[in-house]
Amino acid sequence: MAVLECKNLTKQYGHVTALEDVSFSIEPGRIVGLLGPNGSGKTTLIKLANGLLTPTSGELTICNAAPGKETHAIVSYLPERTSIPLWMTATQLLDFYQDFYKDFRRDAAEEMLAHLNIPAKQRIKQMSKGTREKVQLIVTMSRAAQLYLLDEPIGGVDPATRDYILSTIIGNYNPEAAVVISTHLISDVEKVLDEVIFINQGHVVLQSSVDEIREEKGMSVDALFREVFKC
Amino acid sequence: MLRKLMKHEFRATGRIMLPLFLILLVTSVGANFSTRGLLETDNKFLDVLGVLLVMAFAIAIVGVCVMSMVVMVQRFYKNLLQDEGYVMMTLPVSVHQHIWSKLIVSAVWFALTLVVVCLACFIMAFDVGFVHQIAAGFRELFQEICRNLSAYYAINGTAVIVEFLVMCFVGCCAMCLQFYAALAIGHSRPNHKMAWSVLSFFAIQFIMQFLGGMGIVLLDESWFHHLLLGWTDNISGMASVHLGMVAMILGEVVVGAIFYVLTTWFLKKRLNLE
């Protein structure tokens, strides 16, 4: 059973089409890169999967259910921006996640906070932008979800932290789950991906496994991306 | 889940409201010192201090009342429609639970604001000469009422107080929901979300007043009005008070329900977080 499935999905904002007739499915146990230039429709797709937007037409399902209260319990979402309540301390944020998600692994979250030397009693508002993003990633990856939707997880952090974030994603996700990573920083994430979906101007232009790209086209995902999206 | 939402809502709002309540109570003690003597001394410094303390008390009362309103609107706006909305609207809870948690918590803070303002006024008036005389007057009035109290007035009086409290609660909820509906409508737009929200608020206000006015005009000539006129000879004054209160409560419930449906529909179907 596909964890995430889109059938002829279209989303329009007024007269602007953000996604048009998008169809694909993602199976469990895969780490999928949702890759495309800025404004290609990646964030719109992830928002639709989280029920933050309603499709204009077509269908999007998560484990055969439309996005809603039930799917929120099995999807762990990392938004592109810092959206955790800033007035909370890290400990209060863990309390919050523990209250609402049965699959939240508090011990894993506390271990990651300690590993990154993030003071649990400090207010998130007092932390740097990068630290806030780390805290947000920690609570997202501390869930044993069935689908992780990570929107630009490495966009705002330094290269050293990028490696830590990617190893956190690999080390903490449930192997039965699927991970979707939306980014345009392909060279950084390429090493962790099983599969890629190229998206451009609201259309899926390619869905392929990373091994197929390397074997059949004889190039890296980054090189293929540069070729496909050449300006 | 509603209980958990309310717990975190109280935690988020309490950090603002509780210090304000504390400030109000502290200023009420200052105002009490002021009315008990500072304002009547010959010392200029103490005189000015007395005036400042009374002013601080008045500002604190206004501040607490205004802030309870601001917190009600701001929590809905920031928590559901701004950045925090990405976390809140992807929790495994329904939109109904989100709205009820905000409504109940806001109503509780409104009620607590009323209680704390009354308490602050009592503190301010504690042991003040002229207030003693007023209190004595009320005591006499109360004793007189108790002497002449019959079961009829006791039951109806209690019923009217209960009806009044219910009306206040429903009215608070309807007022909150009008703000929520306006914000939800405004934030469904792609641009100028706050401007659309303000516009929606006044549009809703205008439509409600227009429909209310039209309703009164239409009812004036309707069978319902004639029915009510027919009752006037057979209905007691107390019964008409109850009837009026129940009618007002039902009216507020209907208005609140319209705002509630609008808010939930826009949050479910037209949510458009940037």
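Modeller: What follows takes up the descriptions in turn and sets the values beside the cut-offs. Please keep in mind throughout that this is a predicted model.

Colleague: Let me start with chain A: why are α5(A) and α6(A) called roughly parallel to each other?

Modeller: The axes of α5 (residues 129–141) and α6 (residues 159–172) of chain A cross at roughly 10 degrees, and angles under 35 degrees count as roughly parallel, therefore the two helices are described in that way. Their axes also come within 10 Å.

Colleague: Which residues of α5(A) and α6(A) meet?

Modeller: From α5(A) there are G130(A), K134(A), L137(A) and M141(A), and they meet T161(A), I165(A), T168(A), I169(A) and N172(A) of α6(A). Sorted by class, this contact has four nonpolar, four polar and one charged residues.

Colleague: What makes β2 and β4 of chain A edge strands?

Modeller: The sheet is an open one of three strands in the order β2-β1-β4 (chain A), with antiparallel pairing. β2 (16–26) and β4 (57–62) each have a single partner strand, so one side of each is left without a neighbour in the sheet. On average, and with direction ignored, neighbouring strands of this sheet are turned by 25 degrees against each other.

Colleague: How do you know that β1(A) and β2(A) pair?

Modeller: Two strands pair if at least two bridges are found between them, and β1 (residues 4–13) of chain A pairs with β2(A) over seven bridges, in the antiparallel sense. To give one position, L9(A) has V22(A) in β2(A) as its bridge partner.

Colleague: Which helix lies across β1, β2 and β4 of chain A?

Modeller: That is α1 (residues 42–49) of chain A, which runs at about 115 degrees to β1(A).

Colleague: Turning to chain B, why is F201(B) called partly exposed?

Modeller: F201(B) has 17 other C-beta atoms within 10 Å, and because a residue is buried at 20 or more and exposed at 12 or fewer, with partly exposed in between, the count for F201(B) gives partly exposed. This residue lies in α7 (residues 193–220) of chain B. Leaving aside neighbours within four places in sequence, F201(B) is in contact with Q178(B), F179(B) and A182(B). The C-alpha atoms of F201(B) and F179(B) are separated by 6.7 Å, although the two residues are 22 residues apart along the chain.

Colleague: How many residues of domain 1 of chain B are in contact with domain 2 of chain B?

Modeller: Chain B is divided into domain 1 (1–148) and domain 2 (151–274), and 15 residues of domain 1 are in contact with 15 residues of domain 2. On the side of domain 1 that touches domain 2, α4(B) has the largest share, with seven residues. The residues of that side of domain 1 divide into twelve nonpolar, three polar and no charged. The C-alpha centres of the two domains of chain B lie 25 Å apart.

Colleague: And what makes up the contact between the chains, seen from chain B?

Modeller: Chain B gives 19 residues and chain A gives 20 residues. The elements of chain B that give two or more residues to its side are α1 (2–35) and α3 (85–88), and α1(B) gives the most, with four residues. By class, the side of chain B that touches chain A has ten nonpolar, four polar and five charged residues.

How values were computed
Residues are numbered from 1 along each chain as its sequence is written. Chains are lettered from A and ligands numbered from 1 in the order in which they are written. This is a predicted model: local features need pLDDT of at least 70, side-chain atom pairs count only at pLDDT 80 or more; totals for chains, interfaces and linings use all residues. Two residues are in contact if their C-beta atoms, placed from the backbone, lie within 7 Å. Ala, Val, Leu, Ile, Met, Phe, Trp, Tyr, Cys and Pro count as nonpolar, Asp, Glu, Lys and Arg as charged, and the others, Gly among them, as polar. Domain bounds come from an automatic or database domain assignment. Axes are lines fitted to C-alpha atoms, for helices over the stretch in contact, and angles run from 0 to 180 degrees between N-to-C directions. Angles under 35 degrees count as roughly parallel, over 145 as roughly antiparallel, 65 to 115 as roughly perpendicular and the rest as oblique.
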